[in-house]
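Here's a quick briefing for anyone opening this structure for the first time. Have a look, then read on.

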Amino acid sequence: MTETVLIAIPCRLITLQMKLGAEEGASTLEDLVLRAVTAGRNTVRDLGELFSLPNRLVLDVVHGLWSKGCLAVDFSTNTLENTQTATTGLGEGAWENAVAPKVHMRKFLFDPVTAAVMLHRKGMEKIPIGAVPMPLARGISETDIPQTELLRAVREAVRTERREHAERQRVLDVSFANPMLSPSEAVHWNTVEVMVNRDPVTDTVTATPLQMPQGWGRRAFQLFQARVNELVRDRPKSKFVQQLLSREVLESAPQDTLRSLLVELDRLAEGLKSVPPGAVPTLHRALHDKATAVLDQLAEASRARCSVQSVAHGAGVQWVVKQLIEQATSQLVLALPRISYDALHALLPSLELAAKQGVTLVWLWGDTPSATLDAKVATALFDLRSRFSDTVMLEPRSSCSSAAAVVCDDLYAYVGSTSPLSANPGAGMLVKPVEGTDDPPSCVTDLLSWARRTYPDWQERQNIALLPSDFGRRRGPGHRVDVGPAERSVPLPELKAAVDEDEVADTTQWAANWGRVLQSLMRAVEEVYRGRPVVKAVWDGMYAELVQQSVDGATERLALTDDSAETEMCTDVLGQRLSGLRDKDVVIHLQHPPLRNGRNIPRDYAEIHRRLGAEGTVRSTKARARAVLSDHEIVMGSYRPLGNRLVNPVQGPAPTELGLHIMNTALAAEFAVELGIRNWFGDEGDDADTVARPHYLPALPSLASVPVEADDWAVLDNRRRYGTASTERLRSDAAGLLHGATGSPEQRRAWGAGSCATHGSDRRSWRPTCWHLGWATRITCRSIWPPWPCPSSTARSASSCTTARWSWWTHRANSVRWRSSAPSPRCCSTAEIPVCWSAICSPVPAAERRPVCRPPGSRWFGRLRPASTPPGHRCRSKASTPGPSNRTGRRASGTAGSGSPPM
């Protein structure tokens, strides 16, 4: 059994101020009362007459609205009048903010590693026995979290508690209380049980939680994993790392991408087609866990949608940067690891004009702790700060960051690989709000949060604007924040606590419910890559880990581009990984300049380099961007996938990295063209837009054919498959369905409702089917048994037989008499079987009812008779009506010709 590790994560105690309101705003009756008051019904008596309600009930509603501040009462005339709060709610339909909220102070736990918010009672004041404490770190501050993310985290934290206590209040807004109420030394601990894996190829350590803690999403897991990798890399001899690695397992951790999750669901969906009722709980738990993980990622992707476009290197980058400076109205963040005076001089007039207009200029420069500004650049920047000290934030020390970004307010951002104010700005991406809206993209807000954490001076960094109110915008009364899993658009099926008497029907319905959900998830995942781009900001360890996952997760095509190459990164391990991918027919593109130490190139990497060079997918030049393109995704930014050196403790910590993770099929092909790869999806030149893009998901046969309907035919098939129903039950259900007009031709044919004409003229080929038909429908046409089809001599085709004559046959001692005097229906197709059976079972005149028996050796009876004597068959008297008798020997009752089973 694999050993697990219980990790204790340090959390800070914080106090938040919450605004609580009604869960869904005003009730329907309250809304109608307010609208009636606006229309002139301004007394309790008038309202009671309008709604036909007792005055006492109306008075209670009026009192509730008055206590909420929505109604004003004139006690001199006993009349009512709407307040401004009610008018706002009626006009904009935003009752959750229109009704006066309650303010409540509450303590929470904030995890600086994952930026998660938890209830105070979830933490512990002391480290649990047997847990491995994670070292304290400054990490992310609660003040660095965007307002919408903080509100979403608080709502998710209190969601479970609301269900337990049946509370009907909803968190409308959240803000920070007095800092004195949450001292910094108040540290609590939150635990998570993980399984530690070490990849045998990449030597990467992964700590995978056995169960995601409350409030964790994929982003929280990425931050947690980045912190673990940072400790393993930088502090290998610490007690935490030693205890963690003592229980590691030498195997790769399972991937958690949307593709891998859907492939796993496809494997589980195979059991939905024929799941025994006893295996339902186990399969339900497995499906629920995987589907929940998919829904969580879909919710994050929905929040991360925005508009993005590729920016050409050189002049394109310079034009974009100038436009961002001129469009800024409140704040402009410039992260520039290197600054060229020539590029800065061209933008100085625009920067001065922005500073005069009150735009805050935030400068982050330098990529190492010992970096310095060029003399001319330093003179120009510090002169700008001396003239506009209130709006220019510039520190004399380096920010130790390799990030290359320009953020305009909280709406636009340019992210590249090299400094946009350098001699070679390279290519990049421009992020914008969705067309037609002014909602800030979530990735731009994350970039501002990163800038606040990276700015060197702790006190000055608090002045960097982050909240919407800092930019002069406030959320409207109708603004709603998506809380993700709590408000899923695809509800997951629930498993019944107590199974009904019909267990097969319940199992069939349960499988069909899951089938519809799984197919909806499959379509939603495809839409993620075909709709608006999904853009997420990544940094530091999370960025580096994502690069490695993108390389290993490529299934069809991969591109690694860099403007430098080092032997520390281009190792034998990387060569083996790329060779393994190429052996799986993955198309690989490499672009980087020659290695600095070209004499000591690792053997395996040199081998894959020669192999790809022979295929024409290697370029030994500097790339326009440091990027990894993996199938339908892009990871680009300041991190060097092939040129990063190992951390040198003498030179200080590694610089912080910043990039973008983009998920979009069309944009991946467009950016590949910018990097010089014109056949990313097999498209060439100008016709790239006309070529159909490939699907993100591979072929998933089980999900594509999973049952989605739980009709009576499916239940009948499952009864026969599981063997849980008796023969009489199957016979009864089949007869009822065959008599109706439902079911596909295949289903009706499978249960014996095929015409004899369908099987041709050979009676040996259609006799078993005819026998099955008579067995299944014996309760439908009891007056005549079995309902033999047309003789082959009169059958002409499978679809119609207009001249054929149907005849009822009766048993007689020495002869078989065919009745043809009455009007006979035509032979019908499979879809028309119910009409034919109704005609076959039409009444026979009493004068022609002659029950007879024919020995098996006779001509027709011997050829058509089934292998055994029909149940309950015997000869009747001359006055009796021909037909079968039941098991008790009595003739079956009912009216012949009704076409329905007798009651």
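**A first look**

A404 sits across from G416 in β15. The model is predicted, so local features need pLDDT of at least 70 and side-chain atom pairs count only at pLDDT 80 or more, while totals for chains, interfaces and linings use all residues. Residues are numbered from 1 along each chain as its sequence is written, and side-chain values use heavy atoms, with hydrogens and water left out.

**The sheet around that pair**
- Strands β14 (residues 404-408) and β15 (residues 412-416) run antiparallel, with five bridges between them.
- Both belong to an open sheet of seven strands, in the order β10-β16-β15-β14-β11-β12-β13, and its pairing is mixed (strands pair if DSSP finds at least two bridges between them).
- At the edges are β10 (307-311) and β13 (392-393), each pairing on one side only.

**Helix α7**
- In α7, 14 of the 17 residues are buried (under 20% relative accessible area, with a 1.4 Å probe and protein chains only).

**The whole protein**
- The protein has 27 helices and 23 strands (DSSP runs: H or I of at least four residues for helices, E of at least two for strands, numbered from the N terminus).
- Of its 903 residues, 49% count as buried.
- Among contacts (heavy atoms within 4.5 Å) between residues at least 6 apart in sequence, 77% join residues at least 24 apart.

How values were computed:
Buried < 20%, exposed > 50% of the residue type's maximum accessible area, 1.4 Å probe, protein only.
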